[in-house]
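I opened this entry to keep track of what I looked up, in the order I looked.

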Amino acid sequence: MTGIRSTCPYCGVGCGVLLSRDAQGGLAVSGDPAHPANRGRLCSKGAALGETLDLGGRLLTPRIGGRAADWDSAMGLVAQKFRTAIAEHGPDSVAFYVSGQMLTEDYYVANKLMKGFIGSANIDTNSRLCMASTVAGHRRAFGTDTVPGTYEDLDEADLVVLVGSNLAWCHPVLYRRVLEAKAARGTKIVVVDPRRTASCDKADLHLPLRIGSDVALFNLLLAEIAARGALDADYLAEVAGLPEALAAAREASADPTGLDPALLARFCEMWIGHRKVVTVFSQGVNQSSSGSDKVNAILNCHLATGRIGRPGMGPFSVTGQPNAMGGREVGGLANMLACHMVLENPAHRAAVRQFWDAPAMPEAPGLKAVEMFDAVADGRIKALWVMHSNPAVTLPEADAVREAIRASSFAVVSDITAETDTARLASVLLPAAAWSEKSGTVTNSDRMISRQRAVRDAPGMARPDWQQMAELGRRLGWQDAFDYAGPAEIFREHAALSGIAGGFGLDFDISGLAGLSDADYDAFTPQRWPIAARRGGRFFAEGASFHPDGKMRMVPVRHRPPAARRERRFPFRLNTGRIRDQWHTMTRTALSPRLSAHLAEPFAEIHPEDARRLGLGPDSLVELTSPTGRAILRAQITDAVRPGEVFAPMHWTGETAPSARIDALVAAVTDPLSGQPESKASVCALAPFAAGFHAFAVSARALTPDTAYWARARTEAGWRAELAGLAPPEDWEAWARGLFGSPEAGAQTVIDREGGRARIAFRDPQGRLIAAVFAGPEPLALQRDHLAQLPGDPAEHALTGRAPADLPDPGPTLCSCFSLGVNTILTAIETDGLASVTEVGAALGAGTNCGSCQPEIAALLTASRRASREAAE
């Protein structure tokens with residue numbers, strides 16, 4: 001296979017991709033068979049990357065106060081505001097909020113500028129929201145933020161435990177790797193998650209524990225390890241803290257997990273009985289007010305048994321962003337220095353300061369993410385720069401964060417688009433180069449450094465992030481320190497600095513790459529760190545840590561319930577997370593019609609018992625309220641969640657569904673050690689949303705809704721939207737014209753004013769459908785996925801809301817990789833007698849690429865068999 005080798009810009013798996021021009025002048029994207037992370041596989045999001053590169057919506061020029069400007073004017077104003085704030089209020093009056101989507105070279109320049117030259121540690125990252133608790137747990141146990149595992153361990157494990165990780169949807173390529181190990185060598189899978197997720201489909205055991213009780217579960221396991229004589233005495237000779245950790249584990253008088261004792265016993269039997277255990281954990285562990293303790297509860301069990309650092313065993317944190325690891329390596333967190341050196345360590349600070357020839361260096365951590373925006377709100381931060389992030393949506397208490405940025409003294413936002421909730425609040429907007437337009441490196445979850453490569457010129461006046469940061473450094477007076485020729489020079493400097501960390505005996509050392517030429521950098525192939533002559537590739541097999549005494553640490557941890565307590569006004573526990581085909585706030589994935597087709601509307605998973613009690617039907621809109629915010633979502637009635645618990649995805653924004661900004665409901669409670677917010681255990685109340693009308697619309701161009709609830713998504717033909725309002729409009733046709741911006745188009749109308757129903761279609765002079773809307777007093781039964789295809793066609797049947805008999809309706813998209821709908825798959829199951837997921841894959845292709853839709857295919861097969869039995873009876 002040919003093409004330019006690069007790396008996918010989504011999750012932390014770090015999949016290699018091959019990029020080449022297609023026949024239409026676009027970019028063809030395929031998996032790179034030579035990349036060790038994915039071996040040629042891509043998930044639905046990676047496979048659709050070529051659909052997300054359209055320049056519509058791109059920010060092409062700097063903007064000052066919403067008006068186009070040139071770079072000199074924009075950067076002159078940015079430098080003036082930062083310089084004035086520093087001079088009048090000190091270095092801690094300014095802040096950078098950066099992103100795990102930045103390249104390592106970008107991160108490095110930003111961290112160097114803030115910590116070494118401005119002299120503040122007020123640089124933090126949106127990675128604080130996804131893996132800061134892992135960093136804290138690693139540092140307590142190992143002395144550094146070292147990920148001990150590799151992806152190859154998944155291939156060799158006898159047991160893989162997924163804790164707070166829906167690997168099947170959030171890291172599908174890794175999940176396929178686990179399933180391949182299960183097929184090849186019988187690897188067992190245990191899922192620890194309050195919800196029944198897609199990852200449970202092939203699991204041997206699911207533990208639906210109460211939200212927030214992970215510490216209790218792993219303390220119970222640790223106590224059982226000791227009781228069964230499964231402690232590894234030889235390994236424990238190199239570990240401190242066993243007596244204290246065991247004492248804490250044995251303290252609990254009651255089990256807060258809510259699990260059946262038989263399930264607990266089976267889990268302990270499986271974990272203790274399999275020597276090669278990999279415990280994979282992610283946001284369900286990290287996003288907690290006790291996230292650091294949860295991490296250490298897991299690490300304690302691996303340390304107690306010596307199951308770490310050897311093939312097929314160990315704790316393994318999988319990250320959510322493509323370069324969260326790179327950000328950790330360069331020190332792009334408020335409580336880190338650089339290259340895993342410690343900010344509070346005088347020797348480390350002096351060494352870094354000397355290396356950079358820096359005029360200043362903070363001695364204490366800066367403001368972590370939630371603290372940073374509190375400081376924006378109360379005026380302590382006078383100048384803020386947000387890079388490639390959307391904190392007005394993603395931070396807890398998002399409405400308050402949005403208002404803080406809006407009212408701030410000065411806010412710079414650099415991004416690829418002006419159409420985000422945060423970008424719309426900026427004093428100055430700076431156009432940034434996007435993936436496929438910029439070059440640098442990223443580090444994935446198993447410490448593999450890979451190249452991202454530019455294959456297209458950045459459009460308009462867009463610039464790479466490192467250039468923007470370096471220009472600010474030069475304008476503030478540090479010309480020589482930020483006079484970089486390109487990313488290769490920055491990488492060499494980063495690698496050389498890591499040699500100083502290696503000299504202190506720390507883990508992160510890539511000094512073997514400090515002499516790379518520009519040509520070597522261009523040709524760089526994936527390598528896992530450390531990359532230094534004095535160090536091998538695995539950590540902790542013999543127990544040696546990076547603590548001063550060389551011993552690992554077991555940490556005594558105790559169960560603490562979530563900080564927000566359920567009460568009569570807010571009786572539900574709110575869990576938030578990701579869905580299969582979207583990523584973060586959909587700035588990129590929402591550009592793809594096929595990714596938008598799987599779950600086109602924000603929803604809340606609610607247990608049937610709770611739904612019955614509240615009077616909610618399967619198509620109802622439900623209003624969620626918490627002490628800090630409000631949301632309206634579509635009710636999804638399912639026993640995949642526990643009674644009293646609700647799940648809602650975190651992707652929708654003011655651009656796609658303003659009433660579904662779910663982090664507005666999340667309390668700004670953080671882990672006291674890591675500063676990571678508790679995004680999965682807030683409290684809320686539920687009530688039916690009293691809509692006066694419901695509507696569904698399709699359009700060839702973007703809609704401009706103005707209703708209490710709306711959610712829009714792209715389609716191949718344009719857009720689709722769900723809407724609901726408090727009262728039906730007095731003039732349905734006038735309302736529809738405003739919705740579509742179609743004042744002159746010819747209209748077909750079927751309106752029942754007394755019944756509150758309307759069906760309206762607008763057509764161009766050639767008779768082609770421009771847009772159509774269907775409205776009524778209750779949710780409408782329509783063939784939505786068929787209707788979404790019609791704009792641009794004559795579609796004389798449009799107002800029927802259904803496909804003609806001779807034109808099958810594919811139904812809602814189930815397999816995004818091959819754009820296959822539920823009805824298409826069901827028809828094949830029933831007409832061709834398909835009886836397994838494998839047979840469906842062989843006949844249609846569904847589930848054969850990334851595999852993340854296989855659990856849904858299995859559910860269709862089960863439903864089809866049930867329907868056949870009922871029909872026979």
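The model is predicted, so local features need pLDDT of at least 70 and side-chain atom pairs count only at pLDDT 80 or more, while totals for chains, interfaces and linings use all residues. Residues are numbered from 1 along each chain as its sequence is written, and side-chain values use heavy atoms, with hydrogens and water left out.

I then searched the whole structure for disulfides (pairs of cysteine sulfur atoms within 2.5 Å) and found zero. Cys815 is in no disulfide; its nearest cysteine sulfur belongs to Cys853, 4.0 Å away. Cys11 is in none either, with the sulfur of Cys15 nearest at 6.1 Å. Cys11 is buried, at 13%.

Next I turned to strands, which are DSSP runs of E of at least two residues, numbered from the N terminus. Two strands pair if DSSP finds at least two bridges between them. Strand β12 (residues 277–281) pairs with β13 in the parallel sense over four bridges, and Val278 stands opposite Gly314 of β13. Which residues cover the two faces of β13 (residues 314–317)? I noted Gly314 and Phe316 on one side, Pro315 and Ser317 on the other, all buried.

Last, I traced an open, mixed sheet of seven strands, ordered β5-β4-β16-β15-β14-β6-β7. β5 (67–68) and β7 (123–125) are at the edges with a single partner strand each, so one side of each has no neighbour in the sheet. Strand β4 (residues 63–64) pairs with β16 (residues 428–431) in the antiparallel sense over two bridges; Arg63 has Leu429 in β16 as its bridge partner.

Key: Buried means under 20% relative accessible area, exposed over 50%, partly exposed in between (1.4 Å probe, protein chains only).
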